Amino acid sequence: MTQTYISDISKHLGEEITIKGWLYNKRSSGKLGFLEVRDGSGIIQGVVSKKEVSEETWANTEKVTQESSIILTGVPREHPKKPGVYELDIKTLEIVTLTEDYPITPKEHGVEFLMDHRHLWLRSKRQHAILRVRHTIIKAVRDFFDDNGFTLCDTPVFTPAACEGTTTLFEVGYFDEKAYLTQSGQLYNEATAAAFGKVYCFGPTFRAEKSKTRRHLTEFWMVEPEVAYAKLDDVMTLAENFISSVVGRVLETRQEELKHLERDTSKLEKAMPPFPRLQYDDAVKMLQQAHAEGKVENRFEWGGDFGAPDETYLSSQYDKPVMVHRYPSAIKAFYMEPDPARPDLALCVDVLAPEGYGEIIGGGERMSSHELLLQRIHEHQLPPEAFDWYLDLRKYGSVPHGGFGMGIERCVAWVCGLEHVRETIPFPRMLYRLKP
RNA sequence: UCCUCAGUAGCUCAAUGGCAGAGCACUCGGCUGUUAACCGAGGGGUUGUAGGUUCGAGUCCUACCUGAGGAGCCA
């Protein structure tokens with residue numbers, strides 16, 4: 001028995017086909033049954049008429065329940081009232097397994113209940129739309145780098161020490177010693193960039209921060225490109241080309257999903273280069289003026305890092321992602337290259353997504369001087385022996401280089417217009433949430 | 001770690017300190033074009049836990065537990 005996928009239904013109009021899937025929802029009108037069937041590729045409404053089918057098929061139609069697995073045969077055709085929409089005239093309905101008491105009903109549910117049933121929640125239309133956009137974003141990310149001369153050089157998940165020494169790490173046993181789950185592949189990227197020129201890594205990242213907000217996961221996926229000989233301006237140009245390429249791909253191929261999510265795509269269409277480049281100093285002035293005008297609650301002082309409300313205000317001033325660059329070195333990672341014109345500033349950049357989605361990219365130019373890097377390691381009270389290989393990169397053919405990291409889930413949340421990143425990954429890992 | 005809010009039927013939510021309710025889901029019946037279908041009937045409860053105030057607590061007070069949102073930190 002061959003199987004036809006619902007996504008291919010338009011190629012089989014008028015033919016008898018077999019659909020293998022699950023019952024999404026059922027409605028009936030006496031001797032006429034309406035079965036919404038999903039098979040992973042899509043959803044189609046099947047129509048069963050009592051007088052057209054066998055007693056067995058009609059009995060199955062009456063007793064089949066939501067999310068029962070079913071195999072049906074029938075003939076697809078256009079919906080009588082909706083042009084471009086297809087229906088299936090069902091001839092036979094076989095129940096593979098009858099489901100009893102499916103927990104997720106067609107009505108509303110709360111977050112806790114849905115999260116506890118994430119393994120089933122994934123079957124819903126909304127989750128389907130989001131995860132298909134996620135798939136497309138990841139594909140577009142890989143295509144962008146693959147098509148631009150980058151080599152994929154994935155970095156380890158087990159690491160011997162903190163990459164940046166600031167954020168909390170997950171500690172795991174590693175035979176007789178301790179290891180930590182990676183919080184960034186960047187340091188390793190710098191080694192592979194010196195070997196391959198343009199590289200990227202893409203994998204899971206772990207942060208043991210006790211953050212409990214709509215923007216945080218403890219396990220998330222990050223893509224990190226790194227380019228030898230790149231200066232800060234090159235990094236920013238790469239970032240804006242990269243983001244616009246990814247967003248453009250979603251707009252090209254996922255209109256249906258974005259429509260289901262009720263995303264205002266006109267806002268995404270504006271995410272085309274060039275992105276505004278805002279120096280930290282000027283961003284501070286904007287925030288201070290906004291405070292004076294009563295638009296921001298707290299007065300921002302030069303030297304601090306932006307909080308979520310600050311980022312939201314700054315991004316609200318633009319209709320496309322904004323790139324904030326040259327933060328004070330004191331609040332950035334130890335490996336950031338200082339600005340020769342202003343040594344107290346780091347040649348770094350954060351890309352803030354529009355509509356309050358916050359920082360989706362962080363990156364910049366890395367320090368190329370062995371002497372200065374060693375000094376910074378000492379200043380940050382990091383163990384130099386843990387960074388011997390990293391320092392080697394400055395001993396053997398050091399060059400200016402830079403790159404950035406983008407959190408996939410925040411990007412998906414922004415593109416889909418979601419309230420929370422928990423829906424952007426099949427099984428989110430969050431503070432106090434390890435199951436399912 | 002801190003701040004705020006919320007826990008009542010399988011789910012989503014009502015109930016002035018005074019009889020524990022509705023919709024969905026489920027079971028039964030009705031309907032040949034339904035779109036979270038609809039109409040009628042039925043079963044379904046230790047109101048998060050422990051204590052306190054009161055003639056009387058789902059409701060007020062205290063502690064704890066669980067969850068949500070936010071802060072800090074970050075992508």
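The count of salt bridges in this structure comes to 31, where a salt bridge is a side-chain nitrogen of Lys or Arg within 4 Å of a carboxyl oxygen of Asp or Glu. This is a predicted model, in which local features need pLDDT of at least 70, side-chain atom pairs count only at pLDDT 80 or more, and totals for chains, interfaces and linings use all residues. Residues are numbered from 1 along each chain as its sequence is written, chains are lettered from A and ligands numbered from 1 in the order in which they are written, and side-chain values use heavy atoms, with hydrogens and water left out.

**Salt bridges**

- Arg123 and Glu67 pair through their side chains at 2.9 Å, N to O. Arg123 sits in the loop between helix 3 (118–121) and helix 4 (125–146), and Glu67 in the loop between helix 1 (55–63) and strand 4 (69–78), so the bridge ties together parts that are 56 residues apart in sequence. Helices (H or I, at least four residues) and strands (E, at least two) are DSSP runs, numbered from the N terminus.
- Arg123 is partly exposed at 27% relative accessibility, whereas Glu67 is buried at 4%. Here buried means under 20% relative accessible area, exposed over 50%, and partly exposed in between, with a 1.4 Å probe and protein chains only.
- Arg134 and Glu409 form another bridge, also listed at 2.9 Å, N to O. Their pairing links distant parts of the chain, with Arg134 in helix 4 and Glu409 in helix 13 (residues 408–416), 275 residues apart.
- Arg134 is buried at 8% relative accessibility, and Glu409 is buried at 3%.
- The side chain of Glu409 also reaches the backbone nitrogen of Trp221 at 3.0 Å. That is a polar contact: a pair of N or O atoms within 3.5 Å, where within protein one must be able to donate a hydrogen and the other to accept it, and residues adjacent in sequence count only if both atoms are side-chain atoms.
- Glu171 and Lys178 meet at 3.9 Å, N to O; Glu171 is partly exposed at 47% and Lys178 is exposed at 53%.
- Arg27, Glu36 and Lys125 are joined in a network of salt bridges.

**Around the RNA**

- RNA strand B is surrounded by 51 residues, the closest being Asn25, Glu87, Pro106, Arg214 and Arg410. Sugar and phosphate make up 52% of the atoms of RNA strand B that come within 4 Å of the protein. A residue counts as near a strand if one of its heavy atoms lies within 4 Å of it.
- By class, the surface near RNA strand B has 21 charged, 17 polar and 13 nonpolar residues. Ala, Val, Leu, Ile, Met, Phe, Trp, Tyr, Cys and Pro count as nonpolar, Asp, Glu, Lys and Arg as charged, and the others, Gly among them, as polar.
- Polar side-chain atoms lie 3.0 Å from a base oxygen of RNA strand B for His79, and 2.9 Å from a base oxygen for Ser211. For Lys81, a polar side-chain atom lies 2.8 Å from a sugar or linking oxygen.
- Elements giving two or more residues to this surface include strand 1 (17–29), strand 2 (32–38), helix 2 (111–116) and helix 10 (308–316).

**A nonpolar patch**

- Phe158, Tyr174 and Phe175 make up a nonpolar surface patch with about 380 Å² of accessible area together. Phe158 belongs to strand 7 (residues 158–159) and is partly exposed at 44%.
- Patches are made of residues with over 30% relative accessible area and no salt bridge, joining like charges within 9 Å and nonpolar side chains (Val, Leu, Ile, Met, Phe, Trp, Tyr) within 5 Å. Accessible areas come from the Shrake-Rupley method with a 1.4 Å probe, and for residues only the protein chains shown count as cover.
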